[in-house]
Every structure is written in structure tokens, then in C-alpha cells.
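Thanks for coming. I have one structure to go through today, and I will keep to the side-chain contacts.

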Amino acid sequence: MKFSAGILLLAAVAASPELRYFRYERPIQRSSGQSCLVLDPGIFAHAAPQLADLRLYRDGTEAPFVVRVAASAETGEKSIAPLNVGSRGGQTVFDASLPDGHYSDLQIAVTGQNFIATVTVTGSQTETGSAETKIGSYTIFDLTSQKLGRSTVLHLPESDFRYLHFRIKGPLPPQSVTGLSVGRLPASQPKYDAVAETSHFEQKGRSSIFAFIVSAHVPVDRIAFTPSASPAQFSRDVNIAVAPVSASQAADAAQSPQPVNSYGNLLRVHSLQNGHQIDEERLAIDAPWVDSGTPTKWTITIENGDDAPLRLESVRLQMLERNLCFEADGNGSYLLVYGDPALAAPHYDYATLFTPQANASQIAAGPEQPNPTYQPRPDERPFTEKHPALLWVALAVVIALLGAIALRSAKPATPPPT
């Protein structure tokens, strides 16, 4: 029993970080006070999943830090039920109660096709009895018959009104309004770093196909498209397929993925339609979440339909910018290390109590280089984990012995002589 308990205790002990067990290192620019540096895609490619093995050393001693997204994306859309839906003066009217906090873009869920309508929005802090402030007038449309897509998004300026009031002028009766959705604004606008970029594509039938190979563990948060000036107007569906590939397949972009599918729509409309000026662009698509232990192949397919292939100056896979922040001692020498998959993610008081400072120093890490003192971490697993086959052999021997004993016990006793 003591032996078994010892094995379990040994298995439960987490590996401790030591400089000699990290494969890679990067020198950190000298600084003082709160300092932050951008973590580029190369670090993710050679670090453990979720950067669990990332460590910072000051003159050979582990130093606390926090990894944070420079600006988080919106916290997710919230669905809102329309209130007091009805008709007034030949126009559809309704109200909405907004969540606390700041917001901007708001999408109206409406049924119907082939319409253009103007939505006038006012705001107030109470549902009734207070003065309303005009926010603006916005055009929503469905130009399916012209193959120019659909948009019911209202690009409001940043607002915090508790109640919004809507008036729709156009062919949308009250029963066509089925809901709204709004996302809270992040504290600051998201920043993105390029993971991969290309302008090369393969034309297959009516589809334009862009292919990328992304290193293991590198996050991809969105796909950004940069179209040329022509055509001035387009609406194209986009399919995104992501599949893991082996190291040998990573060099062959022609391998067909077993896709985890996602999709979106590229849209650019700048035109005057029935007296309505429409200016709408959607040139980026949120990427499906993937965290693979192997490289992944990303296949971006633009469906052109009967139109000429869309000309794109570039297609970019992007990740939200991640920063590593710490308190720097101007006299210290700092080293960022990673590449020890045996480690679990660290937990520092500094990360829990971290408060970003507006005057934090923006510093840089030097180029990645092999750790000159690197040596493989010794295998500290219990004996049974190192040699699992022996456990099965021992189990088979025990079963055979038990079987022999059982057979021996089952033989009838020899009767005494008469």
C-alpha cells in the first residue's frame, strides 16, 4: 500500500521549471517599471498549448508576469426582444431596452427580401417620460435580386442610452421585426498581428481558393480580405475549412482537408438606390476556433457564382495581439524562455493583481535562439507509465496463475479405497 501511494504521489507532482530544460530563449530589451512586449506567432509555434511553458527569468531567477489580450473582442452578442412594436404614421415603430455599458453596432432581425428602408434611432435613459436624443438615420437593405446581399446592421456611434426608440420608413410591417442583437464594445479597439498572408489563389470552376499552413498552437482569430478597387460592389459567400495535417503533409498544400467548416460573407456596396445612399463593407470574417497539436491547413474558398473572380490584393490570417507584461528592474537582464512541454501554466499573484498603466513601456523581444544550456528533461514518470506493457504481462501472469489454481481446486477428490 505504501509503495502504491508513493507512485501516486510521484505522478501528482508537477514538473518544476529549470532553465536547462527550455529549448528556446529570447533576450528582452532592457527597461524599468511596468513593461509590455508583443508575443509574435513564432512563440506560439514553439511553446506548449496556451503558452503553458512560457517563463520569464531575471538574472537566472523566475520573474512573475501576465499575458493579456491587448484588446478583447466584443464579449458576445446579446439578443434583445423588441418592445411596443406597432405602426405610427405609416411607419413601423418599436423600442428596445439595452444592457448596461457602451455599445455601437446593433443588428435588427427582420423578415422579408428585396427591400430598402431607413431606420431612425433615438435614445433616452428611461423608457417613457424623458427627452429623446436623436442618434441618427441608417439604411438597411436586402438586395438579393441584385446579388448584392443583405445588411440590417445599424452602425451607431458609441452610445450608452438605456433605451432606444426605432422608426422604420419602408416596406417592413411591424410583424417583420423579430428581434435585435447588440455586442458590448471592448475597452479599446482590437489590435491584430498577421499570422499568414497571401495573394495567390487557385481557380477551380467558379471558386477562388486560398490555402495556408499554420504552425501548431498558433491562434487564428479572423480572416481579413483586401479587395482591389474593382468591382466597386460585390457580395460573395466564403467557406473556411480547417484540418490538422502531419509534418509531411504540411509541405503539400494540395492535400485535401477533412474540414471543420465555417462560413461568412464578403460585402461591399456603395450606391444610391431609390434615393437611399448605401455604404456598407464587410471585409473580415471571424475564424473558427482551432487549437491543434499539429500544423493545420486553412482553406479559404470564395464562391464567385456567375461573376468574374473577385480580385484580392491580399488575404490575411490574423491573431488578436497578445502582450506579456511585467515589472522590469532597470538593472536586471531578462530572458523569455519556452519549449518545455512538461510544465503546467504558472499562477502568479502579479497576474491576479495586475492593473495596466497608460505609461507602460512598450519593449521588444530579441530573435529566437536555441538555449545553449538545453538538455532534455529526464523521464520522471512512474515505472508503470514508462513500461505499460509490463503491467499487462504481469496481469496476464496473475490471471494464468488464478486460472491454474481454480482448475486444481475444481478436480474431484480421489475416493478412499473400500
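Predicted model: local features only at pLDDT ≥ 70, side-chain atom pairs only at ≥ 80, totals over all residues.

Disulfide, then. The structure holds one. Cys36 is joined to Cys325, with 2.1 Å from S to S. Where do the two cysteines lie? Cys36 is in strand β2, residues 33-39, and Cys325 is in strand β26, residues 322-328, so the bond ties together parts that are 289 residues apart in sequence. The torsion about the S-S bond is about 110°, so this disulfide is right-handed. Are the cysteines buried or exposed? Cys36 is buried, at 7% relative accessible area, and Cys325 is buried too, at 0%.

Next, salt bridges. A search of the whole structure finds eleven of them, and I will show a few.

Take Arg26 and Asp40 to begin with. Their side chains meet at 2.5 Å, N to O. The pair links distant parts of the chain, with Arg26 in strand β1 and Asp40 in the loop between β2 and α2, 14 residues apart. Arg26 counts as buried because its relative accessibility is 7%, under the 20% cut-off. Asp40 is at 26%, and counts as partly exposed.

Another one runs from Asp221 to Arg322, where the closest N and O atoms are 2.9 Å apart. Asp221 sits in the loop between β18 and β19, while Arg322 belongs to strand β26, so this pair ties together parts that are 101 residues apart in sequence. Arg322 is buried, at 16%, and Asp221 is partly exposed, at 21%.

Glu18 and Arg20 form a salt bridge as well, at 2.8 Å from N to O. Here Glu18 is partly exposed, with a relative accessible area of 32%, and Arg20 is partly exposed, with 34%. Finally in this group, Arg58, Asp59 and Asp329 are linked in a network of salt bridges.

On to the rings. How many aromatic pairs does the structure hold? There are seven. One of them is Phe201 with Phe210, 5.4 Å centre to centre. The pair counts as tilted because the angle between the planes is 40°, which falls between the cut-offs of 30 and 60 degrees. Phe210 is buried, at 1% relative accessible area, whereas Phe201 is partly exposed, at 31%.

Two arginines also sit over tyrosine rings. Arg222 lies over the face of Tyr192, 3.9 Å from the ring centre. The charged end of Arg162 sits over the ring of Tyr163, at 5.6 Å from its centre.

Now the surface. Which residues form a nonpolar patch there? Trp392, Leu395 and Ile399 do, with about 360 Å² of accessible area together. Ile399 lies in helix α5, residues 388-410. Ile399 is exposed, with a relative accessible area of 53%.

Last, the two long-range contacts. Ile28 is in the loop between β1 and β2, and is buried at 10% relative accessibility. The C-alpha atoms of Ile28 and Leu336 are 6.8 Å apart, although the two residues are separated by 308 positions along the chain. Thr294, in the loop between β23 and β24, is partly exposed at 33%.

Note on methods. Residues numbered from 1 in each chain as written. Heavy atoms only, no water. Phe/Tyr/Trp six-rings, centres within 6.5 Å; stacked < 30°, edge-to-face > 60°. Buried < 20%, exposed > 50% of the residue type's maximum accessible area, 1.4 Å probe, protein only. Lys NZ or Arg CZ within 6 Å of the ring centre and 35° of its normal. Patch = residues over 30% accessible without salt bridge, like charges linked within 9 Å, V, L, I, M, F, W, Y side chains within 5 Å. Areas by Shrake-Rupley, 256 points an atom, 1.4 Å probe, with all protein chains shown as cover. Salt bridge = Lys/Arg side-chain N within 4 Å of Asp/Glu carboxyl O. Helix = DSSP H or I, 4+ residues; strand = E, 2+ residues; numbered from the N terminus. Disulfide = S-S within 2.5 Å.
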